[in-house]
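Trainee: Please walk me through this one, starting with the terms.

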Amino acid sequence: MKYSEYSVVVIGSGAAGLYAALKTAQQIKLPEGVLLISKSSLGISNSRYAQGGIVGVVHQNPDDNIDLHIKDTLKAGAGLSNYKITEEISSASDAVINDLITNGVEFDRDENGNLTFTLEAAHSMRRILHSGGDATGKGITEGLIRAVKSNSAIHTLEKAMAVELLISSDKECKGVIIYNKQTEEHEIVYSSAVVIATGGTGQVYKYTTNPSGATGDGIALAYEAGAVIEDMEFIQFHPTALALSPDSQNRFLISEAVRGEGAKLINAKGEQFMSKYNDKLELAPRDVVTRAIFSEMAEEKSNNVYLDASLIGEEKILKRFPTITKKCMECGIDITKSPIPVAPAAHYTMGGIKAKVNGTTSIKGLYAIGEAACTELHGANRLASNSLLECVVCAYQLADYLSFTNLDTPKTIDEGIKKMIDVYSRSITGEEYDTTSLKSNLKNIMWENVGIIRTEDSLLKAQKEVEKQQKDFKRRRKCLNQREYEYRNMLTVASLIIKSALERKESRGAHCRSDYKQTNEIAKHSELSRDVQGVTIC
Ligand SMILES: Cc1cc2nc3c(=O)[nH]c(=O)nc-3n(C[C@H](O)[C@H](O)[C@H](O)COP(=O)(O)OP(=O)(O)OC[C@H]3O[C@@H](n4cnc5c(N)ncnc54)[C@H](O)[C@@H]3O)c2cc1C
């Protein structure tokens with residue numbers, strides 16, 4: 001098998017991966033350089049589609065401060081956001097956002113050249129920076145791609161998928177096996193710093209705002225490698241995804257910022273309903289708005305409610321939300337005049353690979369940042385626009401950490417790794433699985449049974465069905481192609497979500513159980529690891 005060696009390997013080219021590759025290459029003299037691999041084309045990711053913005057507690061906004069941001073984050077996190085982590089990330093935001101600007105990322109400014117800040121749900125003040133009106137993710141990823149491409153220490157490999165981590169007998173990560181879609185070959189990359197920045201798991205659900213690549217690969221790989229995985233039951237369902245028909249499954253997001261600027265939710269009768277559910281109305285935390293919409297839909301037996309953005313005023317809509325206006329217009333909806341059909345959809349994975357802000361995980365040499373990681377910033381419910389901030393702060397701190405770490409490439413390959421590699425050098429037999437229908441079945445199971453409202457019965461039903469699908473799919477290691485690998489990984493993360501959701505016998509943040517409606521007095525995290533049977537609540 002073809003092999004290569006790099007000082008650092010970054011897997012994933014969203015905001016977290018791009019910035020980690022850039023900062024590592026800028027901050028450290030790396031003898032073997034950085035390899036940035038992505039199963040997509042560079043930058044195609046959840047990050048690319050982020051609309052609303054990124055939290056910036058920055059010196060350019062003197063009315064804001066870290067304490068206020070921490071307070072808002074902890075409140076949304078429903079008892080599981082970690083104070084120290086939140087403080088660490090919030091405190092770093094000024095330096096990191098300004099470093100992004102130095103590296104060519106452009107945020108929207110007023111006519112005097114000052115940065116402009118918008119408001120989003122559950123924020124006590126305007127602190128969200130945005131780019132291109134409602135195309136913040138595009139602005140950030142395109143700026144970072146330009147910087148990455150002009151840095152000669154970074155090698156990029158597109159359309160290449162990480163499929164297994166190389167773990168030595170003494171439990172250190174020494175590299176990764178990749179499937180190169182262009183050559184249809186497997187390759188080995190040796191490195192003593194492997195960074196997972198592969199994003200979230202939205203695709204395990206029928207309705208999602210996430211693009212097709214969000215199949216939880218990094219979390220599945222890390223779990224199989226023995227890493228500790230945390231809080232997987234906390235999946236954020238965004239309240240307002242464009243719901244044109246029950247058949248439209250990959251749903252376009254209608255950003256929270258639209259409600260931040262004054263849009264109102266109405267039901268099929270044309271009545272505003274949020275006052276029945278929360279005194280913060282449309283700006284209540286996401287989980288609250290999602291459940292309110294879900295309840296209205298159930299009551300009316302409808303597939304959606306509506307978001308009336310016309311209240312914002314035509315001029316402001318066109319200036320602030322050009323992407324949303326254009327997308328809705330393409331679907332025949334003029335949002336300056338007509339309400340937008342919306343419904344909840346799986347949006348964000350709060351849990352993931354347990355990691356510190358500098359990316360270190362329970363496995364030496366393995367790092368995790370961005371949505372694939374769980375730093376305990378988001379707790380049980382992520383505060384809007386905190387995820388892009390977490391991506392870039394963790395990438396920045398990771399580069400700093402690696403600058404004090406020995407990054408010599410592994411000199412010897414032990415027996416354990418040789419055995420792993422052997423699996424990939426052998427050819428496999430058998431027809432390709434029909435992953436389209438298998439995935440669709442899995443996504444339905446998850447949406448129906450492990451979605452916005454859960455019960456013991458629904459979770460057990462899902463568990464049984466996912467276990468059956470896992471048993472029927474014979475390829476646990478080497479697969480035929482990317483589709484099969486993604487399906488394999490989706491099964492793994494689905495089973496992790498179900499196990500953790502079964503174990504959490506309470507309702508907290510985004511995890512809502514109709515059979516355990518109470519929130520327990522003491523907030524605890526859940527942890528899973530291959531090496532330990534069952535879920536640990538700690
Ligand atoms: C529609 C939408 C709007 C959003 N709006 C906002 C917002 O306004 N503000 C905010 O803070 N957050 C927002 N979010 C959330 C935020 O965008 C994500 O949490 C964040 O961008 C995740 O970044 P990431 O770099 O961790 O992962 P991603 O951006 O998802 O990048 C993952 C990368 O990993 C690659 N990859 C995956 N698996 C593999 C593999 N096995 N091998 C190789 N490569 C792999 C993918 O191709 C991709 O390049 C939004 C999310 C969505 C979906």
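Mentor: Helices (H or I, at least four residues) and strands (E, at least two) are DSSP runs, numbered from the N terminus. The model is predicted, so local features need pLDDT of at least 70 and side-chain atom pairs 80 or more, while totals for chains, interfaces and linings use all residues. Residues count from 1 along each chain as its sequence is written, and side-chain values use heavy atoms, without hydrogens or water.

Trainee: Which helices and strand each supply at least two residues of the lining of the second largest pocket?

Mentor: A pocket is an open set of 1 Å grid points, over protein atoms alone, where a 1.4 Å probe fits, with protein on both sides within 12 Å along at least five of seven lines; lining residues have an atom within 4 Å of a point. Each giving at least two are strand E16 (340-349), helix H8 (286-300) and helix H13 (435-449).

Trainee: Between which domains does the second largest pocket lie?

Mentor: Domain bounds come from an automatic or database assignment. Both domains give residues to its lining, so the pocket lies between domain 1 (241-347) and domain 2 (434-537).

Trainee: How are H13 and H15 oriented to each other?

Mentor: Axes are lines fitted to C-alpha atoms, for helices over the stretch in contact, with angles from 0 to 180 degrees between N-to-C directions. H13 and helix H15 (residues 482-503) have axes 10 Å apart, at about 15 degrees. Under 35 degrees counts as roughly parallel, over 145 as roughly antiparallel, 65 to 115 as roughly perpendicular and the rest as oblique. H13 and H15 are therefore roughly parallel.
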